[in-house]
Amino acid sequence: GNNITIKLQDVDLWMKFYCKTNEMIVTRCGRNMFPVLRASVCGLEPTAIYEVVIDFRQIDNHKWKYINGEWQQGTKPDPVQLKSEYKHPDSPNFGSHWMKDLLCFSKVKLTNKPPNKGQIQLNSLHKYEPKIIIYKLNSNMREKVAEANFPETQFIAVTAYQNE
């Protein structure tokens, strides 16, 4: 069977933000995530080749607005962006490489404009939940072997922080 586990790091920090409704800044030139998404992975085959990506999923059908000090569900959402998958820059790589250190997505940049390389375009004032997906690469096949999402990493994309 497939016993791959993906475990979120810095859970306490994520929970602090989650309790307050986390916000992530998006800018024209792209802004790094804070907190940085980090996870450990185990159970991969050391000599097999894998690709690791984050998929940023829009998780509800609302455009959010910040009113009187709190986030509220607003109007209909903007159209979902087509490609919201960010490939880890070390991809593709051996299972042994991915298991040796934490998966660290410190280089992903969030933007609200059509993206350049290394950027992910998100709709401002929409709520997202990043999902880590691991694909195994065989000859010319790309097979999804594991995925994990963590509710505490949900965030609203904003062009400027709203919450104190």
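A salt bridge is a side-chain nitrogen of Lys or Arg within 4 Å of a carboxyl oxygen of Asp or Glu. The model on screen is predicted, so local features need pLDDT of at least 70 and side-chain atom pairs count only at pLDDT 80 or more, while totals for chains, interfaces and linings use all residues. Residues are numbered from 1 along each chain as its sequence is written, and side-chain values use heavy atoms, with hydrogens and water left out.

Select Glu147 and Lys131 to begin: these two residues form a salt bridge whose closest N and O atoms are 3.4 Å apart. Because Glu147 lies in strand 14 (residues 141–149) and Lys131 in strand 13 (residues 127–138), the pair ties together parts that are 16 residues apart in sequence; strands (E, at least two residues) are DSSP runs, numbered from the N terminus. Glu147 is partly exposed at 39% relative accessibility, whereas Lys131 is buried at 12%, where buried means under 20% relative accessible area, exposed over 50% and partly exposed in between (1.4 Å probe, protein chains only).

Lys144 is partly exposed, with a relative accessible area of 45%.

Finally, select Glu51, Glu85, Lys87 and Arg142, which are linked in a network of salt bridges.

Technical notes
Helix = DSSP H or I, 4+ residues; strand = E, 2+ residues; numbered from the N terminus.
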